[in-house]
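Trainee: Could you show me how to read a structure like this one, feature by feature?
Mentor: Gladly, let's have a look together.

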Amino acid sequence: MLTQPYQKIFSKKALHEALDFIKSKGSGLDKESLDAFKKQAKKEIDQLYVELMGSVYAPQPIEKIAIAKNKTEKRPIALASVRDKVVQRALVNVIEPHFDKLMSNKSYGYRRDKSTLKAIGRCRDYINRGYFWVYKTDIDNYFETINHDTLLNILDKEIADKKIVRLISLYLQNGGFKQANYVEHGEGVHQGDILSPLLSNIYLTEMDRFLERKGVEFVRYADDFVLFFKNKELIKEPVKALNLFLKTLSLKTGEDKSYRANVFEQGFTFLGAFFKNKEVKIDNARLQKKVSKLFEIARETKKPKDFVTKVNFFLEGLSWYYLKIIEPNSTQFTVLYNALIEASAQYVFLQRKEGKLKNKKAFKEPFETLYLLKEVSLTEHRESIERIVSKGFEKYLATKSYTQEPTKLKQNKQKYAKSFAASSVLYVSQFGAYLGMSKNSITVKLKGKVVAKMPKRQCEQIIIAGKAISISSNMVYLCAKEGIAIDFVDGHDTPFASLLSFKNTYPKMALMQLELIEKKKSLALAKKFITGKAKNQLNYLKYLDRYHDDVEKNIENMEQRMKTNLKTAKSVAQLMGYEGEISSLYWQSLVVILQEKSDFKGRENKGATDLVNASLNYGYAILYARVQNALLKAGLALHISFLHSLQEGKPTLVYDFIEEFRAFVVDRAIVSMINKNEPLKINSKGELSKASCHLIVQNVKERLGVYTQHKKASKKVETILQDQAYLLARHVRGEEKYKPFIGKY
């Protein structure tokens, strides 16, 4: 029996020694850090001592969080305060040696002088002695199902001073806060507490003793264990008896994870090792996970020095366990070695591709300290590094040649795509013009003479931007039938009307859109529109920043707001506020970028009289018409929106949907025109000249007609726009999740 008195366990000296043991930097609900506690250690320990000796000490509620256990499950974790960790550590320092002597030598988890490697060695020993049949299982949800009364009864029999048992009882009963809600703790031990591993071992010692009384050989590591038998017939009775015994401990085995196996036929997995034919390997799933981790480090690390540090730390972890299971000449060792070489070369390739490091020397110097799993001479190590770097550069050069479209072909493709896109729009602005049909062509007449003609198969959109322009009924019929959009734009920047066909309108879709709003699902969709807009603005600024090194601070601020604010917005109004902050930074940046080319002072919407804003507004009007047409083709109701407020007689869904395309299509076109000094002019009334309007139409249509990468395919921007409209319709119908368009620059 443990006879150490409560007062000695929690002496001031013992508490100070316990504090020295603690390494975890995590803090509890009080948010007091380990460093802060240590700075005033004497005061903190004195206070703890007074509370413990006066029997008024009680642990603080723990903070409950969850961490990923695997792809589908999460593991609950308790975060205790530093002061409670000190008390628990002082307690464990004294009672652990006593209880460890009572435990089975076949138990290997959370014990001094025991390890996973020793557990694997014990399994090998059983197999070598002829135990060729195993029953592999674990305890279902073990840490969360330990019965408090049963555990306290076990402790009560072994601990003389009942103050110690009462203190442990407090830790067992101590609940915690999950976010802002308090959660009671009626059973189980807190995973993450210093005391919990010892308590869990004490509890399962009862099971170990039962198996030993039954004469069953086994190896246990925490709640995972393997029973060993010399033949199949010996398995059934002990397993049945074990399950009945576990019920007395309020436990049961995880049936979905339990199985019987012959070592030579099926083999079995235990502690990440796979046993078969007297050989031990790394379990294949674990091996693949380790390989994937190397490539994840290569993908996510920015600086070569950081890459080497992370890889070396990862390999050091492997060397403590997995590399001791397998031989250096084994197939699995070769797999790990090759993965290290390939992942390192992949890192070189990715950094070279992004243009961050352009010569081999930039990689070779930091890679000098890269551990390559094998102890080799300095010359051999340098040769390996040379091979890694060369391999990465060769991969980069390969992607620059035959695997991509040759630059000249790509340029020609974009050139003709722009030409076809611009020639698919009929722009009519002459006062008194008349639109009609002549055979298979659309004609524009002025005073009886044909001034423009376009084959109907080539026409996708007609923009009417003048006064006293007339159009025949045959012309309207043709456009409705062929899906040709007819859009009317005023002298400033506003599309004031469109001629639409009714064949694409579906009342059911309107009801579905309203249903999304009623079910409060519109905020999620609104976030998608704003996220698309913000990311396209950000990406465009990054593209421009290659040539203008003076907007980096705004880019950083935009990224920060996007990471935090957009995700946390609780309402559309709040979301629009955050969007305004991001857009403000974006327009401030464009002011800086355009300062030598224009007098642009910032963004103005309707009624703007400066050249840049007037050009932007006119470009948005052209895009607006194209967006409206795409939404109609998808069968969506234009007047039911998710981001902008519903307004009588206004197609507010167009206002929503256009957001993610503004920067990629219009802003890019107008800024490019300004930078190239294209002849844009504005008159004394603040109106763009007709020639300027025509030029803007041409450039915006060219942007819509160019090819860009989207979802691993090269597509025209106008095709992507239509695809996004169809995707939105599918989202409304509940068939697919909506993802915003993010352009490639």
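This is a predicted model: local features need pLDDT of at least 70, side-chain atom pairs count only at pLDDT 80 or more; totals for chains, interfaces and linings use all residues.

Mentor: Let's begin with the overall layout: the centres of domain 1 and domain 5, taken over C-alpha atoms, are separated by 56 Å.

Trainee: Which residues does the domain assignment give to each domain?

Mentor: A domain may be built from separate stretches of the chain, as the assignment shows here: domain 1 takes 1–102 + 148–186, and domain 2 takes 112–147 + 205–282. Domain 3 covers 283–401, domain 4 covers 410–499 and domain 5 covers 506–733.

Trainee: Now for helix packing. At what angle do helix 13 and helix 15 pack?

Mentor: The angle is about 165°, and the axes of helix 13 (residues 304–320) and helix 15 (residues 331–353) lie 12 Å apart. Angles over 145 degrees count as roughly antiparallel, so helix 13 is roughly antiparallel to helix 15. Their crossing is right-handed.

Trainee: Which residues of helix 13 and helix 15 make the contact?

Mentor: Helix 13 contributes Pro-304, Phe-307, Val-311, Leu-315 and Leu-318, while helix 15 brings Leu-336, Leu-340, Ala-343, Ser-344 and Tyr-347. Sorted by class, this contact of helix 13 with helix 15 has nine nonpolar residues, one polar and no charged ones.

Trainee: What is Glu-718 in contact with, leaving aside its neighbours within four places in sequence?

Mentor: With those neighbours set aside, Glu-718 touches Glu-460, Arg-626, Lys-701, Leu-704 and Gly-705.

Terms used:
Residues are numbered from 1 along each chain as its sequence is written. Side-chain values use heavy atoms; hydrogens and water are left out. Axes are lines fitted to C-alpha atoms, for helices over the stretch in contact, and angles run from 0 to 180 degrees between N-to-C directions. Helices (H or I, at least four residues) and strands (E, at least two) are DSSP runs, numbered from the N terminus. Angles under 35 degrees count as roughly parallel, over 145 as roughly antiparallel, 65 to 115 as roughly perpendicular and the rest as oblique. A crossing is left-handed if the near helix is turned anticlockwise from the far one by less than a right angle, and right-handed if clockwise. Contact means heavy atoms within 4.5 Å. Ala, Val, Leu, Ile, Met, Phe, Trp, Tyr, Cys and Pro count as nonpolar, Asp, Glu, Lys and Arg as charged, and the others, Gly among them, as polar. Domain bounds come from an automatic or database domain assignment.
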